[in-house]
Amino acid sequence: MTSLTAIVIPTVLIVALAAIVFTLSSAQIIDFPSASQVEYSTLNQLQWSQAVSDITEKLVGSDQNSVKLKRLESIIGRLEKTGAFIYITKNGEEFYKTPDGGDILEKAYSVSSDDDGFNSYYLGDNGLSVMSRFNDGTTEYRLVIVNESYTLPKVVLDNENIWGVLISRTSIAIGAVIIVFILAIVIISLITSKTIVGPIEQITAGANEIANGNFDCEIKYKSKNELGQLADSFNNMRLRVKESIERQRQADQKQKEMIAGIAHDLRTPLTSVKGYLEGLRDGIADTPEKQKRYMDTIYSSTCSTEKILDDLLAFSKLELGGTTLNCESVTVADFLEFAEGLREELTKRDFDLEIIDRTKTSPVLYLDTDRFTRVINNIISNSIRYRRPDVKGKITLTIIEYQKTVLIELKDNGMGVDKESLPRIFDTLYRADKARTNVREGSGLGLSICKQIVELHGGLIWAQSEPGNGLAILISLPIGKAS
């Protein structure tokens, strides 16, 4: 576009300048079809030739003389205004003669004695003489035009002056071309400044803001050209970098929260172990019953610590991608048989188990049975842990078959989770109820581990709940597709 502009603009300006010069010149010199100057020029000669041609055209034909004279009035009138005398004969008889022109033939012969040719044009020191003969097949006309005041400037007879005129006019032409190109360069510079330099400065300023860490600075230059595409690329890069930094910030925050949570969760059982060991060492437990109670508490705290470390190890492996699934074909019937095996344990915990099978074809799932068993156990453990104290516990297991997936729903009638906390229950170490921070009620990693394992199987996991109406964990798994 810049190259094309550099060609088009000078061309347009030169053409416009030439048109202006031609218009101004023609307004003063050219007045077809009659001559308007009494000083010789090439254009004047063309005018005289055109005038003779127009008179000839008006004379030929079969019209009456009065009609022909009427048509000649305009042309003859303009010629006579320049001081010319006109004499026309038709078949040797006078057809028209300029009034008060005297002997026009004698005047013509005084300028030039040449009357042999047709369309004779003579210019001398004593005036201009034009003689022409023509016929239309039946009638012969003779046209004589003489202008004794028509002059031939000395400039055309002086070689030095001719060269001066040529040099002068050439200089004017060269100067005009130079002016045109200067104007073209100025216009192109203004266009370039607006369409290239300005956008580049805007993009540079935006890039510097991004480099300085201001990821909210948007480059607002919009265009479909290359610079517009560059600005869009910078804006997209800015957004991606901003998102990446935000994800990193959130990851760092989660890591800090996880470290603080683990430290807190480990400190509680270790403090308990330390306190009861000091009691044994100092002889506070001075009876066998007290010693047994102290030892049972120490054992329970040690098991809690072991559970936290076990969950942490499992979560770390899943996060680092170091876990490989050993999947095998499991039918829904196999899964239901496993679920029935949970009934006895739930009964001991004063829980009822209801199983609803809504499958039609007993579809096959590809599962790592050990890890998926951990998912189910973690979900059931949460239901047991957060039961309502005044209500008999109940867990409902529902299996629904769809075209490409199987939906497993585990719903309890426990405390439930409020809407604000519900989206975060799968986050690491997140507990919806601050009262649940006792490590005996979980490490806070259980549902995070469930989410990791389900996603490794190519499935989805989510939760639905209302406070006081229990919590439902839903798992969607693909049918017949190995993870």
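Reader: What makes Asp368 and Arg371 a salt bridge?

Author: This is a predicted model. In it, the closest N and O atoms of Asp368 and Arg371 are 3.0 Å apart. The cut-off is 4 Å, so the pair counts as a salt bridge.

Reader: Why is Asp368 called buried?

Author: The relative accessible area of Asp368 is 3%. Buried means under 20%, so the word applies. Arg371 has 29%. That value lies between 20% and 50%, so Arg371 is partly exposed.

Reader: Which residues do salt bridges with shared partners join into one network?

Author: Asp350, Asp352, Arg387 and Lys392.

Reader: How do you know that Asp350 and Lys392 form a salt bridge?

Author: Their side chains meet at 2.7 Å, N to O. That is within 4 Å, so the pair qualifies.

Reader: What parts does this pair tie together?

Author: Asp350 lies in the loop between helix H9 and strand S7. Lys392 lies in the loop between helix H10 and strand S9. So the pair ties together parts that are 42 residues apart in sequence.

Reader: Why do Asp350 and Lys392 count as partly exposed?

Author: Asp350 has a relative accessible area of 37%. Lys392 has 43%. Both values fall between 20% and 50%, so both residues are partly exposed.

Reader: How many salt bridges does the structure hold?

Author: It holds 14. One of them pairs Asp282 with Arg281, at 3.4 Å between the closest N and O atoms. Both of these residues are exposed.

Reader: And rings? How many aromatic pairs does a search of the whole structure find?

Author: Five. Among them is the pair of Phe134 and Tyr141.

Reader: Why is the pair of Phe134 and Tyr141 called stacked?

Author: The ring centres are 5.5 Å apart, and the planes are at 20 degrees. Pairing needs centres within 6.5 Å, and stacking needs planes under 30 degrees apart. Both conditions hold, so the pair is stacked. Phe134 and Tyr141 are both buried.

Reader: What makes the pair of Tyr276 and Tyr294 edge-to-face?

Author: Their centres are 4.8 Å apart and their planes stand at 85 degrees. The cut-off for the term is over 60 degrees, so the pair is edge-to-face. Tyr276 lies in helix H6 and Tyr294 in helix H7, so the pair ties together parts 18 residues apart in sequence.

Conventions:
Residues are numbered from 1 along each chain as its sequence is written. This is a predicted model: local features need pLDDT of at least 70, side-chain atom pairs count only at pLDDT 80 or more; totals for chains, interfaces and linings use all residues. Side-chain values use heavy atoms; hydrogens and water are left out. Buried means under 20% relative accessible area, exposed over 50%, partly exposed in between (1.4 Å probe, protein chains only). Helices (H or I, at least four residues) and strands (E, at least two) are DSSP runs, numbered from the N terminus. Rings of Phe, Tyr and Trp (its six-membered ring) pair if their centres lie within 6.5 Å; planes under 30 degrees apart count as stacked, over 60 as edge-to-face and the rest as tilted.
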